[in-house]
Each structure stands twice: as C-alpha cells, then as structure tokens.
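This report goes through two chains, beginning with the way one of them is divided and ending with a single residue. Please keep the sequence and the structure in view while reading.

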Amino acid sequence: MSNQFLILPILIPLISGISIALLPFRSEKSRNLFNLTAVLLNSFVILWLILSRPAGSLTLLYLTKTLPFALKLDGLGIIFLGLIGFLWPVSTLYSFEYMEHDKNQPRFFSFYTICYGVTAGVALSANPITMYFFYELLTLVTVPLVAHEGDRQSMAAVRKYIIYSMGGAALSLTGILMLLSHAGSVEFVYGGIGQLFQGDSFLLLAYLLTFIGFGVKSAVFPLHAWLPAAGVAPTPVTALLHAVAVVKSGVFAAIRSTYYTFGPDLLAGTWAQQSTAVAAAFTIVFGSVMALREQHLKRRLAYSTVSNLSYILFGMSLMTAEGLVAGLSHMLFHGVIKITLFFCAGTVLCKTGRAYVPQTTGLGRKMPVTFITFLISGLALTGTPLLPGYISKMNLLMSAALAGGPFAMAGIIALLLSAILTAAYLLPMGIRAFLVTPEDSLSFTEHDRDPGWQMLVPFTVLVLTMLVLGIHAEPLMNALESLIMGSV
Amino acid sequence: MNSNISLLFPILFPMLCGIAVGLIPALKDEKRRRVFVLTALSISFLLTISQILLPEASLYVCTLAPKAEISFAVDAVTRFFAGLIAFMWLMSGIFSFEYMKHEKNHNRYYCFYLLGEGAMLGVAFAANYVTMYLCFEWMTLMTLPMVLHSQTEDALKAGMKYLLYSFAGAFAGLLGIPFLVRFGTTLDFIPGGVLDMTLVQGHETLLLGVAFAVILGFGAKAGLFPLHAWLPTAHPVAPAPASAVLSGVITKAGVIAIIRVIYYQFGAAFLRGTWMQTALLCTALVTIFMGSSMAYREKILKKRLAYSTVSQVSYILFGLFLMNTTAMTGSLLHVLCHSVVKDGLFLCAGAIIYKTGKTDVEELTGIGKEMPVVLWCFTLCALALIGIPPMCGFMSKWYLALGSLSSSIPVISWLGPVILLISALLTAAYLLPITIRGFFPGEGYNYSALVKKEPNAWMLLPLILLAALAAFTIFPQPFLAMVENVTASLM
C-alpha cells in the first residue's frame, strides 16, 4: 500500500478542527457529533495505518536542498500514535460534559482537535527537523487551550508556558543544527549515528542541548515549573495534553534524539548519559515530594506527572533496549492512568467546584463511581500488582538492575522512594473521601453527585483498560519489544 | 507434581464469600449473615485442610507480563502455615459474631475479613516471588478496612500509618525481584535458593545489600525494627477479633515472606556467615528487647499486647536468621505458639472490652471475679507466652536458645539466649500482674457490687479452644513432627 496515507492522521484533525470553528452548526449537539465522528474516524485511520504499516517514508517537500520534510511510521511512532489514538476519542467525549456550560466551546474544540493532528505529526516525523516543526507547532496550538479561561492566572500560565517551551525548543534546535552540521542529513533509524562517531564530545554537547530542550516539555527539573502552572486550563486539556500528548511529545522527542539520532553507542557510559540519568532520578523524587506537599488536587497530579515522566526518561537513560521498552511501557500505562486521575479531579471540580484535596473529604459517598475510579487509578499508579503501573515499574527496575552501575542503583532507589510517596499523595485522599464524615457535611448540595454518561463512559473504558492491561500485559509487552527490537 | 485447579479454592472461596457478604442485601440480616459467614469460614478451613492432606501440587494461573507469572503450589511451608491461618480465622470469626454487636457496618467488616483470609492464604500458597508479592500487597489493602473500621480520626491515622509502612516495606521487598532476575535462574521457590553463582561472582556485596533491604521490607509486616512503629498503633484500633488475626496471623505473612526469601530465593548457604546475617540478628534482638520493654511500660491492654507482638514475632525471625536446624525448629514452633496465644490474648481483651468497656490495665483489678473463665484463658495464654514448661512457649524458646548457642556467630550466640531470657522476664512482668490483680483484687475491692459478666458461648468457645491449645503442648509430638517436616525440606 502507498505511504501517502501517512498524512491523513495529520490532515483529518486539522481540517475538522478548522471546520468546527467556522461551520455554522445548528446546535451544540450536532457540533459535538461532528467532532466525535472526526476524532473517531482519525483514530480508525491510525488503527488501519498501524495494522498495515506502510513501509518507507513520505517526503512532502524539501526545506533546503538537503533537508527533507518527511513522514514515516516505525515501531516507536506506532507506540505513541497508538496511545494518542486510543485516548483522544475518550477525552473528547469527556470534554463534552465538562465544557457544556462554557461560552467559547467552538474555539476550544477546534484547537483541541487540531492538537490531535499536530501530535500525530510529532509521532510520524521521519527526521529531526520535521519533528522540530510539529513540536513547535504543538506549543502554538495549545496556547489558546491553556489561556482558555482568559483570567489573569491563565494569562500568567500561558506566558510561562510559551517562554519555557520556546526556550526549550530553541535549545533543541541548536542541538539539532550542531548535529546536522557535523553529520549531514539524518533520518530516524534505531541506533542513530552513534557507531560512526563514538567518543565525539562535540556531538555529546549537541545531544545534551537537545535533551535539555526536549526536557522542558517532559518537565525535567529545573525546567518543570510551567506544568503545574498550566493546570489552570480546563481539565480535558490538563488531562490529555499535559498528562499525555504534549508532555509525552517531549519524552518521545527525547527518545527519538537519544536512540534514533545520536544513538546509544555514542552515549552509553559518557557524561551525557550520566547527566540524563541523574536529572531523571532527581526529578522522580522531586516531583513526588512536591506532589505530596501540594494541596491543590490538579497541581498535585501535575507534579505527579513531573515525577512519572522522569520514570520514562530514566528507563531511556539506561541506553539499553530493555530500558527503552520499560520506559515506553510506562509511557503507555502512565498515559492511561494519569488521564483517569485527571478526569476524576476534573469531575469533582466541575460538579462540585472543589479544587483542594481536604475539600474532598467525605465526598466519596456522594460520588462513588468517581472516587472508586480515583482509588483504582491511585493504586495503579502506586504500583499495585494486577494493575498496570506495577508492570512498567517492575520492568524499569529489572532493566536498571540488568544495566547495573551506580547511576542505575540511584535510579532504583529513586523509583522505590517515589512509589511510597505516590501511595502517600494519592491513597489517603481516596480513603478519606469514603470514610470520613466532614464537619460541615450539610454543605453538600444536590450537585455533588456522579456525572452523566459522557463522563462515565470514559471512566469505564479507562478502568477496564487498566484491568485488562494489569492482568494480561504480556502480549502488549511482547509487541513493544518486537516494535523496538524489530527495528534494530 | 500434578497441576490442580483445586489449589485455587482455598484462596478464591473466602474472597467470593466476602464479596457476597459485602454486596448481597439479604445478608444484612444478622442471623442469616452469621450462618453464612460461619459456613464460609468452616468450608474455607476444610478446603485448606484438604489441600494440606492431598499430595503436593502446583497450578499455573496466568502470566501478567514477561517474568511475572502467577502460580500457586503446596509445599512443606504452605502446609505448615495454611492450616494455621484458616484455623485462626475461623476462631476469631466465631468470636466476632458476638463481639461485633457493639460495632457498626457489620457487612463491610465481614466482607474484608473474608477477603483478607483469601489474600493471606494466597501468600501461603504462592509458588513464586511475584505471586507472593501480589498476595502480600492485596492482603495489606484488604485488611486496611479492618484497621479503619471505627472511622474515628485515630483509626484513620493508624490506617494511614499501616498503609504507608506496609507499602514502604513491600516496595523494599519488591527490590528482590529485579536482582533475582539478573542473578538467579528463576523466581520460583526452590529449596536451597535460585542464585546462579557464576553470575553472582563479584557482586556479592550488592546482593547481600539487596537481600538485607528485602528482608527488612517484608519484616515490616512482622513488626521488625526499623519498620515496626505502625504495629502498636494499627493493631489495637481494629475491633478485637480483627486485632487478633492482625497480630496473631497477619504478622506471620512477614515470616512466610522472609522464609521464602532466605531459604527459597537467595539461599541460606549464600547468606550464612556474612555481615548481613549478623546485622539481621542484631535487628531481631533489638526488636525483641524493645518490644518487651515498651509492652511493660504500656498501660492500655490491647496496645500492650501489640508491643508484645513486636517482640514475640522477632523471636521467630531471630530463629530464621540463625539459619540452622535447631533454631529453625524453635522458630516454627514459636509461629504456632505465638499465633494461638496472641489470638487468645486479644480475644480475651476483646471479651473484657465488650462486657465491661475497660481498656486500661489499671482498671482490670478484680476482673477475675467478674469473668473467671476469660481470665483463666488469659492466664493460660500468658503462661504459655512467657514460656513456663510444659506450655508451648517453653519448647519453642528452648530450641531457639539451643540453636543460638550451637551457632558459631561470635557474641550473638550467647547474647541471644540472654536477651531471650530478659525478654521472658519482661513478658511475665507485663502479663502476670493482670492475672494476679484480676483474681486477687485486694482489701479495697467491693464484693457486694460484684456482677458476673461472663460472655456467652460464641465468645467463650474460641477462647477455651485457644487456651487449651496453648497448654496442649504437654503432648508435643504431633507439632514437632509437623515442624520437622518443614525444617527437613529447608535445610
């Protein structure tokens, strides 16, 4: 089959996103229907592409004589594309109920859908420059979403978001340019150019710049501050973009540059690898500690994301295929778990107006489905067996033990510390919601109840996914392994 | 070994019954619930016994992810612990029927009581590290609602402490898996251990460190220093029959896990004679002494018993860490003894609370006049725990002391028995005054106001049975035979 279809996952959301803003829809319902159909269609196209796996790359144009703007679908791309393809329809459905009283819905849904295409673009990029293009574009199209509320707080968050992201992207671009000037045009291939340039410290510097640049979106300390601030955006944005699409684009880009551009052969055992490992290990603990200290529920989850993104980066920094597979499994599982947690937080916020953790005391009896979902996802993120978080953490630990060395040991300790902290910042809240009767229990109103079907369906789908993944992740793990190893 | 689906019955049956109690509205009726729970517990007991009597079997259930298989098996350790677990659960369950009358949320209580039994049996039946870890974690979660039962602020704090300490311990325990995958041949439990010595070469210190962390981690459930602090907080806030299983049985989950880690994964041969063994023995001795002295100073009866658990379970661990046959025999005997006795003591405390509302040791003056049978049971259990011959504690401590003396570890070999002796004296000092003041209240006691408050048969039956068992070791042969069966497979 022709690989021209690779452009579809980018174009469909782009066109339908613009249509949502421009077409005169008769009612909210018909617009929602159009939106959901478009998103579902795109997910099916993605599914079809993944199943048929068009080989080779599709060059759309040349930016200069030697710089192609090209798309391709390889193992790593499939993993990321599969994740967003699964989560986007679920989140879109959730947003309908969340945003139902909002005035600027067309703008919101327009950009929300366009983001789908841009994120798919990141996943489908065939070389660093193309990826850089989509990466920058992703920052731009998410700006209106972060700024959605339009109040002072969101404007401040947007400013932070833009400065951090643009600054990071500039660093990455510097790194990429250094690479291109040194090694000529590069396409993403597993192993990268490492073997040709072993011990080249100019390239190591280029790598580190790239990593720091992409480290902004993947919220590595000290470049994380934009993420908790961006929690002012409506929850569907925080849940899908700031727990999955945007931040994982950062992680994805970091993996692309590590394994597919510079290559583990170049990096393994160097100071560049050690710096990434230390940064990741530190951020793992730092994010969890901050999450424990934070009382605002959405910001707590954002800090938890900071920590968990570094789990993935830590797996990546091991520079082994096992480490990468383990990191990627955490990318998938964390995506599913964190989006669920955010959905729960969002439902509480949107139905009851409660934003802080202590305010949720006793709320579990009023909103049992929401809080049971929260507890299950909390246990999953903590790493309880039979739920998916356990498997990815186990894989990370195993690959670190296999890699050995002081930095891997530091990472293992960081992972275990963070696991305990995760239990501490998620589970007591879930338990207090059920077992404690708050002093002002009369303040509950009839609005404090479980949401409607548009939110319950996403909950159910996500919890079922977690259970299935937790109990039977073997096929998925094997698939991940063959997707990565297959491209060796 | 034959693959046998019936291995799942003892684990799943109580869990399903637990879910039924939690969900089926018809079981909200007190009488029906009592019949149902009693039947469920008895059938679980019979199912477990039948697995113990049947020939060794194993069962592969499923694979969660590569290197994470779920499978169960029956071996000597399983046989030894599973019967004990199911029996203790039955005893405390029978006691609960009357006791729980003064608590609320009965269905939730029995739901998690049964779920906890299933998970605990899962720990005993687990055939590999991952399965054991899974059951271990879920047991923590399933028993948490028992600690939280009263829903007071105290209970919540205790519950959170329980949760976080247990999770911290479990995560340290998890550390073993990646390193065993790297340096071992399999995660299945194989007597003698699974380490591949050619791979281990040059990484001994790392592995000893990992084993140390793992054992301290699983030791959290057994109240081992330094992760012991949750136990005296969490056990007493649960309803008395739940405290009894928490203290008497669930602490033994830590013991099972440590036996598996030492004798079936890392291998005693690898750990024997290392700095790690000495460090572990020191931790156990510290815990023994600390637990006893804290119990001596504690005024609330149930808390005193919980501190006593901290101390007594470390007797068991001390024996395990010595890694010789005699000490091991002592350990396993003490598993039996402590389970029976501590269950009995907590149930006595529960009977007293239920009938009189008294929780403080000072208030118990003359209690033997009001509830003679209960206090007699208490006294028998106390004597057994102190180790007065010919009761059960005597035998186990005798073997522990012998095992310690026969080991060639400097200082510890004689310090161990000394600390055991001091702790036994402390045990006498914190338990016997209750009996003495209970039966001989002294001159100031107002006999005219005396009312008999003996509880009814539901409460007395398990008490008497447990006290009789504690004293029953006048005929130690069957127990010794059971224990030798296990040590033979370990050593």
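The domain bounds used here come from an automatic or database domain assignment. On that basis chain A is divided into domain 1, residues 1–267, and domain 2, residues 269–488, and the C-alpha centres of domain 1 of chain A and domain 2 of chain A lie 22 Å apart. The model is a predicted one, with an ipTM of 0.89 and a pTM of 0.91.

**The contact between the domains of chain A**

Where the two domains meet, domain 1 of chain A contributes 44 residues and domain 2 of chain A contributes 49 residues. On the side of domain 1 of chain A that touches domain 2 of chain A, at least two residues come from each of α3 (75–98), α7 (201–217), α8 (226–229), α9 (235–262) and α10 (264–267) of chain A. The largest share of that side of domain 1 of chain A belongs to α9(A), which supplies 14 residues. Sorted by class, the side of domain 1 of chain A that touches domain 2 of chain A consists of 31 nonpolar, 10 polar and three charged residues.

**The two chains in outline**

Some overall values for each chain are set out below.

Of the 488 residues in chain A, 61% are buried, while in chain B 60% of the 491 residues count as buried. In chain A, 82% of the contacts with a separation of 6 or more are between residues 24 or more positions apart; in chain B, among contacts between residues at least 6 apart in sequence, 80% join residues at least 24 apart.

Chain B has an average pLDDT of 90, with 99% of its residues scoring at least 70. Within chain B, confidence is lowest in strand β1 (residues 2–3), where the mean is 60, and highest in helix α13 (residues 275–297), at 94.

**The contact between the chains**

Between the chains, 27 residues of chain B are in contact with 26 residues of chain A. On the side of chain B that touches chain A, β2 (57–65), α5 (129–147), α6 (153–174) and α7 (176–183) of chain B each supply at least two residues, and α6(B) gives the most, with nine residues. That side of chain B divides into 21 nonpolar, three polar and three charged residues.

**One residue of chain A**

His148(A) is placed in the loop between α5 (128–146) and α6 (152–183) of chain A. Is His148(A) buried or exposed? His148(A) counts as buried because it has 22 C-beta neighbours inside 10 Å, and a residue is buried if 20 or more other C-beta atoms lie within 10 Å of its own. Leaving aside residues up to four places away in sequence, His148(A) touches Asn104(A), Phe108(A), Ser154(A), Ala233(A) and Pro234(A). From His148(A) to Val158(A), 10 residues apart in sequence, the distance in space is 9.6 Å, C-alpha to C-alpha.

Methods:
Residues numbered from 1 in each chain as written. Chains lettered and ligands numbered in written order. Predicted model: local features only at pLDDT ≥ 70, side-chain atom pairs only at ≥ 80, totals over all residues. Helix = DSSP H or I, 4+ residues; strand = E, 2+ residues; numbered from the N terminus. Buried ≥ 20, exposed ≤ 12 C-beta atoms within 10 Å, placed from the backbone. Contact = placed C-beta atoms within 7 Å. pLDDT = per-residue confidence, 0-100. Nonpolar A, V, L, I, M, F, W, Y, C, P; charged D, E, K, R; others polar.
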